[in-house]
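Please read them with the structure open.

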Amino acid sequence: MAELPDKKTAFIDWYLAVVEEADLSDKRYGVKGMNVWTRYGFRARRNLDHVMVREIEATGSEAVEFPALIPATEFAKEKEHIKGFDAQVFWVTRGGLTDLDVPLVLRPTSETAIYPIFALWVRSHRDLPLNVYQIVNTFRYETKTTRPFVRVREIHFFEEHTCQVDEETATARVRSNLAAFRRMARSFALPYLSVRRPEWDKFAGAHYTIAFDLPLAGARTLQLGSVHHYRDNFSRPYGIRYEAADGEERYVHQTTFGLSERLLGAIVGAHGDARGAVFPSEVAPFEVVIVPILSAASGEAVARAAREIADELRQAGRRVRLDDGDDRPGAKFYRWELAGVPLRLEVGARELERGELTGVDRLGRKLPLARVRLAEAVAGALTAFDLELGRRADAAFREAVAPATQLSELAGSERVRLLGWCGEEACGHAIERAIDGALLGTPEEPLPFAFPEPKACIACGRTDGVRVALAAQPM
RNA sequence: GGGACUGUGGGGUAGCUUGGUCCAUCCUUCGGGGUUCGGGACUCCGAGACGCCAGUUCAAAUCUGGCCAGUCCCA
């Protein structure tokens with residue numbers, strides 16, 4: 001098997017090779033940006049979804065599912081929203097042989113599908129808060145180059161939509177979402193920046209947008225998801241009103257929280273190395289792979305022991321793959337490292353003799369695991385693996401962000417830049433031109449490391465009203 | 001939206017300029033047999049491709065046009 005391209009100098013090539021060779025996605029389907037979920041990739045996706053569902057439901061949100069097609073008339077009700085999405089929607093204009101009177105939009109996101117129904121569901125303050133989410137496919141007509149998981153036309157999308165009694169309560173919901181994402185990100189071992197987007201880059205129709213950005217490869221960042229406060233921007237056109245306790249009719253304030261399969265791309269991109277993917281155990285399609293080391297003399301006993309061990313671990317709830325194929329052990333090691341399995345257990349004559357298995361985690365750390373009470377030892381090894389994976393990702397994260405005080409430092413920057421910004425749009429665009437990227441915005445949550453407080457706007461030099469901002473090249 | 005380029009077995013490629021020497025090269029992959037098995041085994045046998053449609057021509061992977069798919073640059 002060929003060597004992978006170098007992650008540092010040829011990140012995209014490396015990423016595509018890992019996705020392909022680890023068999024996470026099959027991109028040979030004949031429509032741009034619409035890829036096939038393979039068996040292996042689907043397992044990872046399901047585990048990812050499981051974490052999202054667990055954390056959002058812990059906050060009281062409930063699952064729903066709305067239709068994929070939206071009447072053009074509903075889609076057009078919120079002016080900013082349609083302006084933002086018009087150029088990237090797929091249209092259904094014909095049914096059978098008949099042109100439709102009202103064309104249908106294939107949802108690029110579901111506000112306009114959900115809100116007419118919210119207007120029916122919400123009548124009293126007793127109906128609030130309304131917190132629901134769905135995990136569905138959404139469609140966007142991407143014209144740029146598509147990449148598996150990262151930029152696709154059919155998106156595996158998690159979206160929470162909520163209605164709150166007022167702006168303040170909606171703000172609290174935003175904070176709750178930020179906390180939920182923090183917990184999810186811990187499961188994925190992903191460090192990130194949570195950033196309030198500048199006015200010109202907020203979600204179409206939002207009052208404000210907070211996005212999660214992951215530094216990847218040089219100055220490039222990947223947006224992992226976003227939380228939006230809509231105020232009553234949508235509830236007014238869609239008529240989502242309630243009667244308050246005092247008898248007055250009021251419009252709800254709304255929030256949304258969106259995530260996607262892009263998280264899978266982020267996990268591959270952030271944790272992967274020269275040998276391939278590295279999955280945190282909660283996302284890993286298989287947490288453990290067992291490789292029997294056979295020989296003419298002990299083959300039978302070893303094969304039996306390997307099967308017993310696999311059964312035992314499965315009964316303990318672990319996702320286990322027993323690789324009893326005909327390849328030699330070395331070939332299996334390479335394949336499962338490429339596939340990102342967190343822990344490999346080697347079982348051979350030596351192990352049976354000692355009553356101790358050879359464990360090697362995906363970070364290359366070797367650890368002996370006693371055969372008795374193996375499930376406990378494996379659980380411990382996986383926990384230690386996740387911690388170390390997180391530590392390494394955190395270290396890379398700190399390395400990826402650096403302050404800048406001169407516009408000239410931004411050109412060709414190999415880091416995400418922390419800088420001073422006066423808040424003026426003109427200065428924001430000057431910064432974007434300088435870094436050939438975007439002003440991500442201002443940190444919404446404290447950054448996890450110390451940095452010198454900027455004294456002046458990097459673009460105009462003004463010293464009053466200066467805030468910290470981040471600039472990068474979003475992928 | 002504008003421009004440039006590309007399309008050869010499952011993956012990566014040679015061949016294309018100058019049509020014939022190509023029932024298409026090499027690596028990998030896949031199926032079967034045997035010997036193996038503690039970091040990508042060896043060996044024998046076998047399988048698999050010129051994106052699609054039309055045109056030019058005695059002859060097309062190679063030239064022309066359209067379509068489809070993809071890549072890059074610019075807006």
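1. Helix H10 (residues 329-338) lies across S15, S16 and S17, and runs at about 170 degrees to S15; helices (H or I, at least four residues) and strands (E, at least two) are DSSP runs numbered from the N terminus. Angles run from 0 to 180 degrees between N-to-C directions, the axes being lines fitted to C-alpha atoms, for helices over the stretch in contact, where contact means heavy atoms within 4.5 Å.

2. This is a predicted model, in which local features need pLDDT of at least 70 and side-chain atom pairs count only at pLDDT 80 or more, while totals for chains, interfaces and linings use all residues. Residues are numbered from 1 along each chain as its sequence is written, chains are lettered from A and ligands numbered from 1 in the order in which they are written, and side-chain values use heavy atoms, with hydrogens and water left out.

3. The open sheet of five strands has the order S16-S15-S17-S18-S19 with mixed pairing, two strands being paired if DSSP finds at least two bridges between them. Strand S16 (320-322) and strand S19 (366-370) stand at the edges with a single partner strand each, so one side of each is left without a neighbour in the sheet. The twist in this sheet averages 25 degrees from one strand to the next. Helix H9 (residues 299-315) also packs on the sheet, touching S15, S16, strand S17 (343-347) and strand S18 (356-361), and its direction makes about 165 degrees with that of S16.

4. Within that sheet, strand S15 (residues 288-292) and S16 pair in the parallel sense over three bridges, and Val288 stands opposite Val320 in S16.

5. Three strands, in the order S4-S6-S5, form an open sheet with antiparallel pairing; its edge strands are strand S4 (69-71) and strand S5 (90-95), each pairing on one side only. The twist here averages 45 degrees from one strand to the next. Five bridges join S5 to strand S6 (residues 98-106), and the bridge partner of Trp91 in S6 is Val105.

6. Strand S8 (residues 154-164) is mostly covered, with ten of its eleven residues buried, that is, under 20% relative accessible area, with exposed meaning over 50% and partly exposed in between (1.4 Å probe, protein chains only). S8 runs antiparallel to strand S7 (residues 130-139), to which ten bridges join it, and it pairs in the antiparallel sense with strand S14 (residues 253-260) over eight bridges. Thr138 has Ile155 in S8 as its bridge partner, whereas Glu159 stands opposite Gly258 in S14.
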